[in-house]
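Notebook open, viewer running. Jotting down what I look up as I go.

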Number of protein chains: 2
Amino acid sequence: MDPAHVNVPAMMDLTIDNITDNTVIINSQGSDQRLTYVMERLVTHLHDFARETRLSTTEWMAALNFLVRVGQISSDVRHEFILLSDILGLSLLVDAIDHPKPPASTEGSVLGPFHTHEAETIPNGDLMSHDPEGEPCLVLCSIKDVSGNPIEGVKIDIWETDSTGHYDVQHSNRQGPDGRCVMNSDKEGVFWFKAIVPVPYPIPHDGPVGQLLKLLKRHPWRPAHMHFMFEKKGWDHLITALYIRNDPYETSDAVFGVKKSLIVDFSTADAAIAQKYGVKEGSKVLKHDFVLVDEKQTERLRDENALKAMKKLGRKVKLLNHLPVPDVD
Amino acid sequence: MDPAHVNVPAMMDLTIDNITDNTVIINSQGSDQRLTYVMERLVTHLHDFARETRLSTTEWMAALNFLVRVGQISSDVRHEFILLSDILGLSLLVDAIDHPKPPASTEGSVLGPFHTHEAETIPNGDLMSHDPEGEPCLVLCSIKDVSGNPIEGVKIDIWETDSTGHYDVQHSNRQGPDGRCVMNSDKEGVFWFKAIVPVPYPIPHDGPVGQLLKLLKRHPWRPAHMHFMFEKKGWDHLITALYIRNDPYETSDAVFGVKKSLIVDFSTADAAIAQKYGVKEGSKVLKHDFVLVDEKQTERLRDENALKAMKKLGRKVKLLNHLPVPDVD
């Protein structure tokens with residue numbers, strides 16, 4: 001760009017006190033109001049963080065080198081920045097903001113870094129984990145709307161670790177996807193499958209995020225859970241998980257995902273269940289009914305919450321594509 | 001860590017309103033008061049940023065993928081996170097906080113991502129750029145303290161681009177360091193060398209930082225400059241640069257580095273200068289006197305500024321190793 005076309009006041013002699021305003025001005029030349037607003041808040045918080053901590057050059061360089069390592073350990077099957085966001089509580093927060101839930105619906109939980117796009121689609125009744133060391137369990141689910149009507153044709157992603165607490169992608173010698181599948185709910189909104197009983201496991205802590213947890217004297221454990229993701233046009237995208245009651249890490253999940261409404265109990269297959277679903281009598285059964293929310297309802301709730309929160313913060317905003325930007329009229 | 005040893009209240013059902021407090025609590029188990037404080041401010045600002053923008057899942061994921069790319073394009077000779085910090089004004093800010101300058105001293109400027117540790121040490125008078133297309137210039141410098149006394153034995157790192165605006169490390173076929181050197185000031189505090197006239201250049205914009213600048217309608221240019229870094233035990237580490245007057249990008253530097261006191265003019269070598277320094281008569285000469293600050297003086301100034309700033313922010317702090325931590329007495 002020709003410097004003559006730079007549409008900002010001349011900048012020079014920037015100091016602790018004027019660098020923020022100047023950075024915001026130079027970042028505000030585009031026409032994307034949302035980007036301008038997000039950058040304005042980002043730069044302001046980043047600078048305030050440095051000012052309030054009197055961040056030293058040594059700390060700054062250590063942080064930048066840490067971030068390089070977070071990027072460099074990431075791969076197609078490992079997203080260390082999601083992990084970092086998870087342990088800082090940001091993932092839970094963003095999900096809560098973006099997917100508000102009306103009272104009758106299933107709450108969300110963290111996505112985590114282990115969802116992939118290569119799981120096989122299986123029919124009702126199939127086995128999704130082939131780990132012979134896992135304790136078998138039968139999972140019987142339904143999907144309904146907030147009024148109790150079944151929802152057909154929802155695409156469901158399900159993923160869990162093996163009995164050693166590792167997802168398939170964490171094994172360097174893996175042959176293909178395992179412990180994960182895609183299903184579709186039937187006419188009654190039902191989907192059911194055979195899996196293994198989830199176990200608690202530490203999030204990957206052999207990388208920079210693990211080093212940070214150690215520095216902070218935090219453990220890396222997550223309570224035993226099974227991930228679910230629900231997708232159907234017209235319905236709010238639901239990322240959640242079911243947690244097994246009384247896990248030792250139930251109240252200290254390293255990534256803040258546990259919600260009371262998502263804690264489940266196993267029952268035991270009686271003769272009728274065993275015969276109907278083709279499992280051994282006495283084996284574990286997990287039953288859960290999920291409730292999805294109409295996309296429009298979520299949108300309305302999100303808009304309402306946003307406007308209410310911004311008013312409370314004293315910010316004059318309007319919504320553009322359901323996201324706040326400053327209202328400069 | 002045994003979950004029984006987790007020394008924090010039980011966490012569950014975390015929401016937009018309580019996630020920050022809970023994250024701060026779980027991050028505060030260690031005995032490093034400075035780390036606890038830095039993390040408290042980091043998490044608070046990160047969460048406030050998400051709350052004030054109502055950050056969407058799509059934006060969050062785009063940001064995390066952007067950060068992965070910033071890490072992955074980084075290498076031994078390219079530090080894209082420093083570049084990101086530079087264009088967000090953070091680098092300038094941290095330098096200003098960490099290296100406050102009393103009135104008589106040389107101001108600091110941004111380090112940038114192109115300093116390396118492999119430059120050769122050269123004696124006074126040597127050539128530090130071998131680019132035949134560069135316009136030769138003679139650089140005559142001295143280093144003094146704020147009272148005007150010469151400082152001997154200062155290690156000086158100097159680096160500049162070639163005539164095409166690229167540092168040596170940006171050429172994939174480079175044979176070794178060029179356009180960079182290390183020198184030591186002599187008894188009179190003098191160091192002098194032969195270089196080429198700096199040219200304006202765009203910061204590397206073929207990566208994620210360049211994409212961000214483009215989205216923000218910002219140009220990637222830096223005004224012509226030569227980098228200097230000064231190091232001697234007992235003296236405040238000085239990272240700075242000299243900027244050539246009337247550069248087209250003088251007031252819109254992509255990384256906010258320019259200060260009036262660092263803008264310099266060339267003179268022309270007369271017969272005496274030409275003979276004394278072994279250059280052609282009429283060739284360009286850059287003269288500059290640098291002023292370093294006693295480390296103790298910088299420390300006192302930094303402490304004073306920190307306490308003053310924190311008081312203004314209404315934060316009750318004490319200094320631990322010259323860095324603020326909450327004063328909880």
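Ground rules before going on. This is a predicted model, where local features need pLDDT of at least 70, side-chain atom pairs count only at pLDDT 80 or more, and totals for chains, interfaces and linings use all residues. Residues are numbered from 1 along each chain as its sequence is written, chains are lettered from A and ligands numbered from 1 in the order in which they are written, and side-chain values use heavy atoms, with hydrogens and water left out.

Entry, the sheet. I traced β1 (residues 136-145) of chain A and found it running parallel to β11 (residues 284-292) of chain A, joined by nine bridges. Strands here are DSSP E runs of at least two residues, helices H or I runs of at least four, both numbered from the N terminus; two strands pair if DSSP finds at least two bridges between them. The open sheet has four strands in the order β4-β1-β11-β10 (chain A), and the pairing is mixed. β4 (190-196) and β10 (266-268) of chain A each have a single partner strand, so one side of each lacks a neighbour in the sheet.

Entry, chain B. I found Gly134(B) in the loop between α5 (90-98) and β1 (136-144) of chain B. Gly134(B) is buried at 12% relative accessible area (buried is under 20%, exposed over 50%, partly exposed in between, with a 1.4 Å probe and protein chains only). Beyond its neighbours within four places in sequence, Gly134(B) is in contact (heavy atoms within 4.5 Å) with Ser163(B) and Ile196(B).
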